[in-house]
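Hi everyone, thanks for making time. Let me put the structure up, and then I'll walk you through a few spots in it.

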2 protein chains.
Amino acid sequence: MINRKIILLILGVLLLIESFFLFLSAMVSLLYESTDFRAFIISSLIALTTGAVTFYFNKNAVRDFGKREGFLIVSLVWVVFSLFGCLPFVLSGEIPSFTNAFFETMSGFTTTGATIVSDIEGLPHGILFWRSITQWLGGMGIIVLSLAILPFLGIGGMQLFSAEVPGLSPDKLHPKIKETAKRLWGLYTLFTIIEIILLYIGGMSLFDAVNHSFTTMSTGGYSTKQASIAAFSPFIHYVIIAFMFIAGTNFTLGYFALLGKFDKVWKNEEFRYYLGFTTVFALIITAGLVITNHTENIEEAFRIALFQVVSILTTTGYATSDYLLWAPFLTFLIFALMFFGGSAGSTSGGVKIVRIVLIIKNSYYEFKRLMHPKAVLPVRLNRKIIAEKIVLNILAFMVIYFIVFIFGVAAMSMLGLDFETAMGSVIASLSNVGPGIGRVGPVYDYAFLPDTGKWILSFLMLLGRLELFTVLAIFTPVFWRK
Amino acid sequence: MINRKIILLILGVLLLIESFFLFLSAMVSLLYESTDFRAFIISSLIALTTGAVTFYFNKNAVRDFGKREGFLIVSLVWVVFSLFGCLPFVLSGEIPSFTNAFFETMSGFTTTGATIVSDIEGLPHGILFWRSITQWLGGMGIIVLSLAILPFLGIGGMQLFSAEVPGLSPDKLHPKIKETAKRLWGLYTLFTIIEIILLYIGGMSLFDAVNHSFTTMSTGGYSTKQASIAAFSPFIHYVIIAFMFIAGTNFTLGYFALLGKFDKVWKNEEFRYYLGFTTVFALIITAGLVITNHTENIEEAFRIALFQVVSILTTTGYATSDYLLWAPFLTFLIFALMFFGGSAGSTSGGVKIVRIVLIIKNSYYEFKRLMHPKAVLPVRLNRKIIAEKIVLNILAFMVIYFIVFIFGVAAMSMLGLDFETAMGSVIASLSNVGPGIGRVGPVYDYAFLPDTGKWILSFLMLLGRLELFTVLAIFTPVFWRK
């Protein structure tokens with residue numbers, strides 16, 4: 001029933017894109033005369049050959065597909081990209097274990113940023129660049145990129161788009177899906193370039209500036225330094241805060257801002273809550289850090305607090321301070337923020353601000369309904385009524401998110417992990433944050449986990465990146481029924 | 001606007017009921033020649049006088065009230081009962097701190113069973129009996145009791161009933177609310193008596209048998225022994241397992257069973273899931289205990305596992321084993337069960353099986369809706385369609401439960417508690433379980449917590465017992481608006 005050929009055809013073509021970026025990393029390796037050049041060339045050729053062959057044998061596929069093919073393509077492309085994307089790690093010998101290499105790559109593409117590397121500075125330039133590239137590609141989305149640059153997806157494009165970017169309705173930027181994808185990637189690239197310039201001005205090397213811009217705008221969080229952003233100056237902290245915040249904003253609003261339509265940005269309810277949450281949490285934590293004498297300098301406390309709040313809220317996962325050493329209450333706030341995520345239609349993970357806002361509104365409306373059972377009391381967002389069906393879907397999403405979290409923690413504790421590490425690793429993966437709590441805190445890495453644990457977390461990263469439904473649907477009987 | 005006089009009138013009358021049970025405890029104290037006789041007589045007189053005076057000054061109240069008065073009466077009666085109910089603890093000098101005494105009493109009435117007493121066997125008989133009585137009254141409900149024995153509540157009775165027993169629609173047992181309340185309390189008393197006889201046969205003293213039956217049937221969990229049920233024989237373990245399970249079943253089904261209509265019990269979906277969850281969790285934990293060499297005897301492993309699963313699932317909180325010493329995964333299962341609770345219309349706490357079942361069903365239906373967006377796919381329970389409004393309400397309930405949990409944990413960690421203890425104490429209070437995880441595990445007590453923490457947990461117990469809405473509504477502006 002399912003059009004297998006079209007799925008293979010598209011996956012084949014997408015592999016060619018990956019092959020190109022592997023080749024680009026080889027060039028970077030060459031430029032810096034690093035040891036991993038051969039690994040990248042071979043990886044690129046493997047991806048190129050596999051892609052071309054798959055394409056060739058399926059080129060007569062019927063150019064038409066439905067929802068199910070869409071879900072499969074989008075889910076599979078992330079797995080395929082991770083499988084081929086981990087080749088350079090293995091071939092260069094930098095991450096010899098296949099499990100570790102796959103974990104690192106999936107963590108990259110899903111912009112999670114959880115790493116198994118314990119000596120970042122010891123990695124060659126090509127590998128460092130490839131880690132950042134995986135995040136940059138995954139941030140705005142592999143499918144969105146392919147929609148922007150490939151002419152042939154046409155009719156099924158919309159299907160694919162909404163499976164990869166569930167939060168953003170594609171008609172907002174342009175009625176044509178191809179145009180929307182182009183504008184999104186254009187904007188994304190523009191912001192990345194501006195950040196590179198600012199970081200370079202701030203004193204970073206060009207290499208570090210490029211890498212950090214890639215992993216900021218994608219809210220990925222991979223760094224070229226073991227100490228993460230703590231290795232850089234306060235000016236750079238503020239620049240990165242600003243761009244993490246932008247990356248966590250709906251890109252439609254970024255587009256409006258660029259056109260000078262700031263009123264549209266300001267009137268957007270999700271944006272106002274996003275700004276509100278950021279401010280409130282940052283101020284509470286600043287106060288907390290000062291009160292508990294974590295630091296005496298108020299500017300420093302504010303900078304640390306704001307940086308960590310924005311980093312976790314946008315699910316970037318950079319660190320300038322080890323929040324596990326803060327007072328328990330402050331650590332708890334950071335942990336709670338891991339469930340939030342940034343705005344819908346941004347590159348961030350988590351459940352997204354708009355869902356949080358709608359469920360809080362709906363909860364309050366339940367009390368109104370309790371007092372006035374006969375009144376019609378619809379939930380509104382941006383002054384528009386939200387259909388009950390959508391509210392139901394969002395509530396179901398929250399519940400499924402929680403169920404996945406619970407099962408994840410159960411599985412991880414079955415592997416013998418303590419409670420905090422189990423919870424920390426699961427939410428950090430599911431929300432694509434990166435660092436968690438317990439033994440996967442910001443100054444640790446994921447290398448010590450048993451292999452099974454790494455596969456579970458890789459799966460959770462994928463679930464989180466595609467916002468549950470696209471991937472989970474494939475595992476339901478109703479998906480495979482006629 | 002609010003009819004204050006009727007609220008005071010009813011609270012006054014209810015205090016007379018409490019006065020009677022305080023007097024009963026004085027009689028028990030007299031019988032066992034224990035030291036707390038005077039404390040109970042004085043407490044009883046204070047409750048009697050206050051109740052009578054309040055009644056007298058409001059006896060001309062308009063005999064009519066609406067939803068808001070209903071919510072206030074039901075919420076306030078639990079607070080008032082705890083305020084007067086803690087008098088014997090303070091006056092006898094057994095629990096001199098008012099905060100501790102209030103916590104112990106609220107924990108009793110809400111059938112939580114969290115205790116601040118570290119030497120249970122050192123308490124006099126009157127005090128022990130009173131602890132059990134508070135749970136027994138709170139189990140089936142103070143309001144339900146008053147509806148059964150007081151003639152005058154009449155018209156507002158239904159209002160009060162559904163505010164105290166949100167899960168059970170009162171028309172199931174009898175169209176008249178008074179008759180329903182009578183049958184519920186009759187059945188409750190009958191089961192309690194049968195359990196007393198069985199425990200007595202099993203070798204308990206009459207005093208212990210009465211106390212444990214009171215705290216089993218109410219799913220309360222207070223024991224007369226420091227070691228809880230571990231102090232008794234395997235036969236007694238099985239008897240208590242059976243009665244905890246009955247207490248966690250919808251009493252409507254208990255009524256059907258008594259009438260011999262077992263098919264009605266078996267056909268009830270919530271009951272089947274309740275039985276299913278119990279069996280599955282008990283078997284997994286049995287296997288886990290055997291595999292991890294916690295015990296070599298399979299019968300013992302099964303008994304420990306079943307006992308703990310039923311105890312936590314029904315939110316009773318008795319212990320025969322310290323589950324914090326089990327493998328992390330098994331401890332996690334127990335922790336997860338704390339959110340479940342028994343059946344709606346039972347004496348248990350938690351979110352209740354029926355809600356869990358409905359949200360899982362609805363989650364699955366979301367995938368069906370995803371694949372077939374145009375099909376009408378209502379959620380069903382017992383083969384009947386559940387209105388979207390009700391599904392929405394249940395989802396909102398779950399979300400609010402989770403939000404309350406998060407805020408509770410934040411507040412407790414603000415007091416400096418570690419993460420596990422904060423989570424354990426909050427869920428153990430909110431779900432009315434009693435023992436939690438961390439430093440409030442089954443072999444510890446709550447005495448070490450700061451006073452503020454005890455007040456927060458007392459409030460959470462009340463929230464949990466009245467299933468959130470009744471109490472929380474009072475704190476919303478819409479409640480006080482005309």
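By salt bridge I mean a side-chain nitrogen of Lys or Arg within 4 Å of a carboxyl oxygen of Asp or Glu. Both residues sit in helix α20 of chain A, three residues apart, or about one turn of the helix. A helix here is a DSSP run of H or I with at least four residues, and a strand is a run of E with at least two, numbered from the N terminus. A:D451 is partly exposed, at 40% relative accessibility, while A:K454 is buried, at 3%. The cut-offs there: buried is under 20% relative accessible area, exposed is over 50%, and partly exposed is in between, with a 1.4 Å probe and protein chains only.

Quick word on what you're looking at. This is a predicted model, where local features need pLDDT of at least 70 and side-chain atom pairs count only at pLDDT 80 or more, while totals for chains, interfaces and linings use all residues. Residues are numbered from 1 along each chain as its sequence is written, chains are lettered from A and ligands numbered from 1 in the order in which they are written, and side-chain values use heavy atoms, leaving out hydrogens and water.

Back to the salt bridges; over all chains there are 18. One of them pairs A:E467 with A:R355, at 2.9 Å from N to O. That one links distant parts of the chain: A:E467 is in the loop between α20 and α21 of chain A, A:R355 is in helix α17, and they're 112 residues apart. Both of these residues are buried. With A:K352 they're linked in a salt-bridge network. In chain B, B:R355 and B:E467 form a salt bridge as well, with the closest N and O atoms 2.9 Å apart. B:R355 is buried at 11% relative accessible area, and B:E467 is buried at 7%.

Now, how do the two chains relate?

As for where they touch, 50 residues from chain B and 50 from chain A take part, contact meaning heavy atoms within 4.5 Å. The copies meet through the same surface, because 100% of chain B's interface residues are also interface residues in chain A. The buried area is about 4,700 Å², with 80% of it from carbon and sulfur atoms. That's the accessible area, with a 1.4 Å probe, that two parts lose on being put together, summed over both. On the chain B side, B:F367, B:L392 and B:F419 lose the most area to chain A, together 15% of what that side buries.

Last stop, the backbone. B:K352 has a phi near 80°, positive in a residue other than glycine. B:K352 lies in the loop between α16 and α17 of chain B, and at 4% relative accessibility it counts as buried. B:E33 also has a positive phi, near 50°, but B:E33 is exposed, at 74%.
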